[in-house]
Amino acid sequence: MQRRMLVGGLAASAVAAPFVGAARAQAPITLNGAVQFNDDHAFNKALLRFEELVKKYYGKPINFVLHRNSALGLEKQYFEYMAQGKAVDYGIVSPAHMSTFSKAAPFIDAPFLFRDLDHWNKVLDQDLLKPIADEIAKKAEVMLIGYAGGGTRNIFANKPVHNLAEMKGLKVRVQGAPIWSRTFGAAGMAPTVIAYNEIYNAIQNSVIEAGENEAAGVETMKFYEVGPNLNMTQHAITIRPICFSGKTFAKLPPDLQAAIVKAGKEAGAYGRQLEVKEDEAKLEAMEKAGKLKRIPFADRARMKQLVDPIMQAYAKEIEADQILAKINAIK
């Protein structure tokens, strides 16, 4: 009797096995994303649009899990995870955090690279940064599938800075890529690299006097509480690539790969339009609420003159001098 039950059980298992295997084979793919900010931030909205578009273009069941509010660390960690093909499949990362893998990466939105928003848009429309994206894909195995960003970066500080004379020796936090320290040093400041989530306390405790960011970052991180003077240097316009793990991408079916590439480009464009629109509105709202005061900066042209030789030398060092020439040639 026991033998019959055992045989019957094995037979049932044998019949059931193909159905279990089929169910597993049809289980929806899950992609994990990461963002440092909350639901109100433009980066979060761009990644949600990416998810929406992938689902639309793929047309099959698929799951997305977006880890918000630095739940998986900071952008530098996200990029490392994507390069390794674990924990994070997609996210928005500042190019400065890619420098460990690609010396050219921070050039994507280096200080004083763009004259204004119109120039910035033309550079992106003409895809002049593609050689750098190709290098990142090769060396880090992370794809840049779209370009969000669009915020104009200024220096927030615990004191007003109207000109280069007042800027001299300013202890300011900069991003980790060497080009930021070099350019800010050339302008007379005393740049230092500090983790993004430590800026607030560093200013509060007088370790530094200032940082630099676009309006969305100043608002979300409440930098205005410790640096209420927003000195309008307008030294950079952000490009924030939507990144996707090359290792993850290689494992996906071709139709999903196509959907991801198409959705990434469109979500990036959406993110740029959104952040450009929100940037001025956020500054006005914070100023109206008395949270910060915009300080006119008289020496932007002179500051750029001091920085230009540094940028040219850096571009040559990373073999991006031809790209810089093409960017500068755009009218």
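Predicted model: local features only at pLDDT ≥ 70, side-chain atom pairs only at ≥ 80, totals over all residues.
Residues are numbered from 1 along each chain as its sequence is written. Local features need pLDDT of at least 70, side-chain atom pairs count only at pLDDT 80 or more, totals for chains, interfaces and linings use all residues, and side-chain values use heavy atoms, without hydrogens and water.

**Stop one: the largest pocket**

Select D127, L144, I145, G146 and Y147. These lie nearest the centre of the largest pocket, which 16 residues line. (A pocket is an open set of points on a 1 Å grid over the protein atoms alone, with protein on both sides within 12 Å along at least five of seven lines; lining residues have an atom within 4 Å of a point.) Now colour helix 4 (117-125), helix 5 (130-140), strand 4 (142-157) and helix 11 (254-288): each gives two or more residues to this lining. Strand 4 gives the most, with 5 residues. (Helices, H or I, at least four residues, and strands, E, at least two, are DSSP runs numbered from the N terminus.) The pocket's volume, the space filled by probe spheres set on the points, is about 480 Å³.

**Stop two: the second largest pocket**

Select K76, H97, R173, A195 and Y196, nearest the centre among 15 lining residues. The volume here is about 200 Å³. Helix 3 (residues 75-84) gives the most to this lining, with 3 residues.

**Stop three: the cavity**

A cavity is a set of points where a 1.4 Å probe fits but cannot get out. The count is 1 cavity of 30 Å³ or more. The largest cavity has a volume of about 150 Å³. Select E75, S94, R153, Y196 and R240, the closest to its centre of 14 lining residues.
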